[in-house]
Amino acid sequence: MQTVTPADPVIPDDASALGPASHRVQRRPSWALRWSPAAGEILLAVLTALGFTYWGLSVDNNPVSRVGQISGLSTLQFRLAAVALVIIAVVVWTTLRCGEQVRRLTARLSAAAVAGLATGYLGAGQVFALRGTPWPLNAEYGDNNRLLAWAGEVVHTGKIDTFYPPGIPYALGYAAKAGFLGGEPAFGLKWLFIALVALTGPAAYLAWRLCLRPLPALAVGLLPALQQTLPHKPYSPLVLVVLVPLIAKLLLWLRASPAFSARGALVRGAFLGLLFGGLFLVYSGWHLWSLPGVVVAVLLLFPYRRGPVRGLLLLGGSLAGFLAVAGVYLKVLLGATATRDLWCSGLTMTEPGYMGTTPLTNRAWDEPGEWPGMGEFAGLPTYTVVVLVGLGVAVALGLRKAVVIAPLACFASAWFIRFWIAGHMEANQEVQLFPRTILEIQVALTALAVLACVLAAEHLGRLFTAVRSSAPEAVEGLARARRFTAAGTLLAMVLAGGMIGSFFTNQYLPTPPADQLAGSLAWNSHQIRKPDGQCPKYANGGLCRDFPKTIGVNQADFAQTSLVCEYPWHQQNALLALMKP
């Protein structure tokens, strides 16, 4: 992670990506001294996330009854507040009693802990929602059906034949084949998804720490990560919130590459390439939708005059690292270009320019025209207004900075691809997953809105410093107040994590399918017999069914040749018509 000094700006200039020149000529501290704080951040973020998730096992309320759900949510919220209180108290105490170096280290470790705590709440919420059942969220339905079928192929044949990213199926298949999980990949899918939900916050924070100081990295990484919570498919948002800051780091290093040695440029590029490749194996869509914008950004920031050879070595190392990890799968994916996506959901039929929050219930689509409705400001939802203002401020104050260019490139790329594919949907009779671009657009815009706040605060700090001589007392008072910036930021972030985490956890708590809520996914998991032959404790009416002995990919999904888009209310009306005598 990047080393910064008290004099460094919150968002470093791209030219200083290696640190101040004075540091490069001074004798460097030992390896252990330089990397132990970074190792502490990583360990603390991960252990906090997984530890709070594990704590969710002791929540003994009924996850199916509404009274039990409220008690369970409140128990998790109380525990979150108690841990947060300890963290804030430590930060305030070190602010008042300790020197600058200790204060910075405390803020750094506390930011990592808050990142783990926020999504650890989500993980604990999933543990509570699935209390009493060994099966994953949504059992064998939805995307789980294909993941488990492919994992089963790995168990029996050692390989799979699909263009879908192979990371999850191979991980589950090899774990089951090695004797873990009781030989049943579905048992591993439950805990794998819970772990990925919990680790999304630490992953986003640590990725942005490659580019930003702790507090900005916490805000820029955590808010988009919380916004895109998908407990039934957590690997997709995790890849997205990590990919954007890695692109920013690539651009930062590209600009700084003339100062690298040839070996340094190559190694740095290979390091990023390996990370890009690993993410590609887990979920590849974000790479494809970001690629055009990233290519443009690379062409704009390439050091044509100062050191093109080092720039080429950096990019070449990145490409080599990527191909070393994901080259085989990339070849499979490129060979499947004729594959057509014909799945047409309610979101596919939504007005394509809508960029606001999306509902977690089918009720929003029960009647035509009800959603999305007229926004609060000139027809725009509040969220859209906020991120558009943030976009403008970020561009105005930081367009030359790689940390702004990266999410801006991802946004622009997904924006154009979205409308290109949607514009040809009728002629080509295929969806090609274009509705999912809204997730990348939201992550990029939210990150830019937070970066706008960081940049504005940095500019205000410079302004007050400039007027120090004319009003020293006022500036001195501001400096005293700024001592508690870390405590204030951490408090805001942990409260945001608790509130957002409680919202999403509540949405996914078990509810009957007739309610048309996301909670039906957890409800399904409680209706399947356990390996010991008993029904889960909270099965509806004490009745349950057996888990399928074999799971196969539904070939009917691939046999469809034409695009069929129907609103949910059409399907519901058709079902009611069939039920009439």
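Reader: How do the residues lining the largest cavity divide into nonpolar, polar and charged?

Author: In this predicted model, the lining of the largest cavity includes Leu122, Val197 and Pro234, along with Thr119 and Gln228. Sorted by class, the lining residues come to six nonpolar, four polar and no charged.

Reader: Which helices each supply at least two residues of that lining?

Author: Thr119 and Leu122 are among the lining residues, as are Val197 and Thr200. The helices that each give at least two residues to the lining of the largest cavity are α4 (100-129) and α7 (185-208).

Reader: How much space lies in the largest cavity?

Author: Searching the whole structure turns up four cavities of 30 Å³ or more. The space in the largest cavity is about 60 Å³.

Reader: Are α9 and α11 roughly parallel or roughly antiparallel to each other?

Author: Helix α9 (residues 235-256) packs with helix α11 (residues 285-301) at an angle of about 15 degrees, and their axes are 11 Å apart. Angles under 35 degrees count as roughly parallel. Therefore α9 and α11 are roughly parallel.

Reader: Into which classes do the residues of the contact of α9 with α11 divide?

Author: The crossing of α9 past α11 is right-handed. On the α9 side the contact includes Leu240, Leu243, Ile247 and Arg255, and on the α11 side it includes His287, Ser290 and Val294. By class, the residues of this contact are 11 nonpolar, three polar and one charged.

Reader: Are α9 and α12 roughly parallel or roughly antiparallel to each other?

Author: The axes of α9 and helix α12 (residues 308-334) come within 8 Å, with a crossing angle of roughly 150 degrees. Angles over 145 degrees count as roughly antiparallel. Therefore α9 and α12 are roughly antiparallel.

Reader: Which residues of α12 make the contact with α9?

Author: The crossing of α9 and α12 is right-handed. From α9, the contact is made by Leu250, Trp253 and Leu254; from α12, by Gly311, Leu314, Leu315 and Ser318.

Reader: How many nonpolar residues does the contact of α11 with α14 have?

Author: The axes of α11 and helix α14 (residues 402-423) come within 7 Å and cross at roughly 130 degrees, which makes α11 oblique to α14. Residues in the contact include Leu288, Trp289 and Pro292 of α11, and Ile405, Ala409 and Ile417 of α14. The contact has no charged residues and three polar ones, and its nonpolar residues number 12.

Key
Residues are numbered from 1 along each chain as its sequence is written. This is a predicted model: local features need pLDDT of at least 70, side-chain atom pairs count only at pLDDT 80 or more; totals for chains, interfaces and linings use all residues. Side-chain values use heavy atoms; hydrogens and water are left out. Axes are lines fitted to C-alpha atoms, for helices over the stretch in contact, and angles run from 0 to 180 degrees between N-to-C directions. Helices (H or I, at least four residues) and strands (E, at least two) are DSSP runs, numbered from the N terminus. Angles under 35 degrees count as roughly parallel, over 145 as roughly antiparallel, 65 to 115 as roughly perpendicular and the rest as oblique. A crossing is left-handed if the near helix is turned anticlockwise from the far one by less than a right angle, and right-handed if clockwise. Contact means heavy atoms within 4.5 Å. Ala, Val, Leu, Ile, Met, Phe, Trp, Tyr, Cys and Pro count as nonpolar, Asp, Glu, Lys and Arg as charged, and the others, Gly among them, as polar. On a 1 Å grid over the protein atoms alone, a cavity is a set of points where a 1.4 Å probe fits but cannot get out, and a pocket is an open set with protein on both sides within 12 Å along at least five of seven lines; lining residues have an atom within 4 Å of a point. Grid points are joined across faces, edges and corners, and a volume is the space filled by probe spheres set on the points.
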